[in-house]
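Dear colleague,

Please find below the structure that I am handing over to you, together with its sequence. My notes on what was found in it follow directly after.

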Amino acid sequence: MATVMQKIKDIEDEMARTQKNKATAHHLGLLKAKLAKLRRELLAPTSKGGGGAGEGFDVTKSGDARVGLVGFPSVGKSTLLNKLTGTFSEVASYEFTTLTCIPGVIVYRGAKIQLLDLPGIIEGAKDGKGRGRQVISTARTCNCILIVLDAIKPITHKRLIEKELEGFGIRLNKEPPNLTFRKKDKGGINFTSTVTNTQLDLETVKAICSEYRIHNADISLRYDATADDLIDVIEGSRVYMPCIYAVNKIDQITLEELEILDKLPHYCPVSAHLEWNLDGLLEKIWEYLDLVRIYTKPKGLNPDYEDPVILSSKRRTVEDFCNRIHKDMVKQFKYALVWGSSVKHKPQRVGKEHELEDEDVVQIIKKDFCTNIQDKEHFGLGISRFSSTHWPAKSKCWQQHITTDIAASRYSSVYGTHGGT
């Protein structure tokens, strides 16, 4: 371990000494690739004892989304958790009060959002110092990161925490690189770009690929990418997630300083102790999670506005909606009736590829359904004319063998032939 950490330090020192220009781009790209490989080796779980996640860090994911509180010790993470969720997390005036992961749940706009109070990280957490490995590993499982900063020194803490998270493969408020990387069996390195590239050339690309022992690949750029972007794509383990900077203890700074902070991107000033702007923080969390609420409507009843189905805006088709309710619903899906901003008519009949919008109302119409012999007895259809060889007790589907009129009457009695509203 010490050897790997020493190698990392040596490479970082060499990168700091090297001037950045076109002549050194090739050398710097090679050093960055070596550094990424060493950090992956350092942070990979070892087979020896003592490398586990630690007590309290293996928190079961619950709710519709997960938000992690990350920050240095004594910046107010536990107070924020207590005020937002009502969950008790010990608060004291000394550092490292929280030594394990404390979960809580916020119910906001019908969505259940799990909030994790993670122990304070220290500088060097990405290299395994303190409990940084467990903290940042848990942060990787979140849908959004909430970095809690002290209003007295927010910029200093922000840069240090970003450096630790970046070193662990977490990319904050960034989109995945718009480039294509595909390995092949022969043909060498084929490098193409649809734009003028100022930071990558063929020699740098070959040097980075050579470090990963890749000698045959097609690489296509669609924007002015950097060596870091190419390394991220080759590594394939990077996590891209939204991040909010919650500047806590704003009651200790002047109004002029607060106005400056308010102009910075992704910032939300709060005072957890005095409960200032907590509603604004919840609104920002909802905005960055980018969730969609879909209401269900049973046949003949009013829509259920109390318990919406929560979907991600990136996966919000009718098929995703069915899978969120039950994995077998898609198999029985016939069509859906939708009310809301995603359709022109109220209601409108749609297929499972239709994309839903926030606060749409959906009613699912199933196919004529299939069941077992016990169901036939329940509906009074009789089983005397069916042979036991054709209708085993565990049979999942017998509808295709019964007459059309029986099937139609049965479907009508249970679900409604025309999917009435």
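I244 is found in strand 10 (residues 243-248); helices (H or I, at least four residues) and strands (E, at least two) are DSSP runs, numbered from the N terminus. At 0% relative accessibility, I244 counts as buried, where buried means under 20% relative accessible area, exposed over 50%, and partly exposed in between (1.4 Å probe, protein chains only). I244 and L146 are 98 residues apart along the chain, and their C-alpha atoms are separated by 5.0 Å.

Please note that this is a predicted model, in which local features need pLDDT of at least 70 and side-chain atom pairs count only at pLDDT 80 or more, while totals for chains, interfaces and linings use all residues. Residues are numbered from 1 along each chain as its sequence is written, and side-chain values use heavy atoms, with hydrogens and water left out.

A207 is buried, with a relative accessible area of 8%.

Aromatic pairs

The structure holds three aromatic pairs. Rings of Phe, Tyr and Trp (its six-membered ring) pair if their centres lie within 6.5 Å; planes under 30 degrees apart count as stacked, over 60 as edge-to-face and the rest as tilted. One of the pairs is formed by Y108 and W286, and it is edge-to-face because the ring centres are 6.1 Å apart and the planes stand at 65 degrees. This pair links distant parts of the chain, with Y108 in strand 2 (residues 102-108) and W286 in helix 9, 178 residues apart. Y108 is buried at a relative accessible area of 16%, and W286 is buried at 7%.

Another of the pairs joins Y295 and Y305, whose ring centres are 4.9 Å apart and whose planes are at 70 degrees, so this pair is edge-to-face. Y295 belongs to strand 12 (residues 291-296) and Y305 to strand 13, ten residues apart. Y295 is buried, with a relative accessible area of 7%.

Charges and polar contacts

The charged end of K158 sits over the ring of Y245, 5.2 Å from its centre, and that of R349 sits over the ring of Y335, 3.7 Å from its centre. A charge sits over a ring if NZ of Lys or CZ of Arg is within 6 Å of the ring centre and within 35 degrees of the ring normal.

D218 has its place in strand 8 (residues 217-221) and is buried, with a relative accessible area of 17%. Its side chain makes a polar contact of 2.8 Å with the side chain of K184, and a polar contact of 3.5 Å joins the side chains of D218 and N190. A polar contact is a pair of N or O atoms within 3.5 Å; within protein, one must be able to donate a hydrogen and the other to accept it, and residues adjacent in sequence count only if both atoms are side-chain atoms.

Backbone details

The peptide bond from K346 to P347 is cis, with omega near -5 degrees. P347 is found in the loop between strand 14 (333-339) and strand 15 (348-350).

R213 is not a glycine, yet it has a positive phi of about 60 degrees. R213 lies in the loop between helix 6 and strand 8 and counts as exposed, at 74% relative accessibility. D290 is also a residue other than glycine with a positive phi, near 55 degrees. The loop between helix 9 and strand 12 holds D290, which is partly exposed, with a relative accessible area of 41%.

The second largest pocket

D290 is also among the residues nearest the centre of the second largest pocket, together with N143, L289, S312 and K314; 28 residues line this pocket. About 770 Å³ of space lies in it. On a 1 Å grid over the protein atoms alone, a pocket is an open set of points where a 1.4 Å probe fits, with protein on both sides within 12 Å along at least five of seven lines, and lining residues have an atom within 4 Å of a point. A volume is the space filled by probe spheres set on the points.

Strand 9 (239-241), helix 9 (278-289), strand 13 (304-312) and helix 10 (318-325) each supply at least two residues of the lining of the second largest pocket. By residue type, this lining divides into twelve nonpolar, seven polar and nine charged residues. Here Ala, Val, Leu, Ile, Met, Phe, Trp, Tyr, Cys and Pro count as nonpolar, Asp, Glu, Lys and Arg as charged, and the others, Gly among them, as polar.

With kind regards
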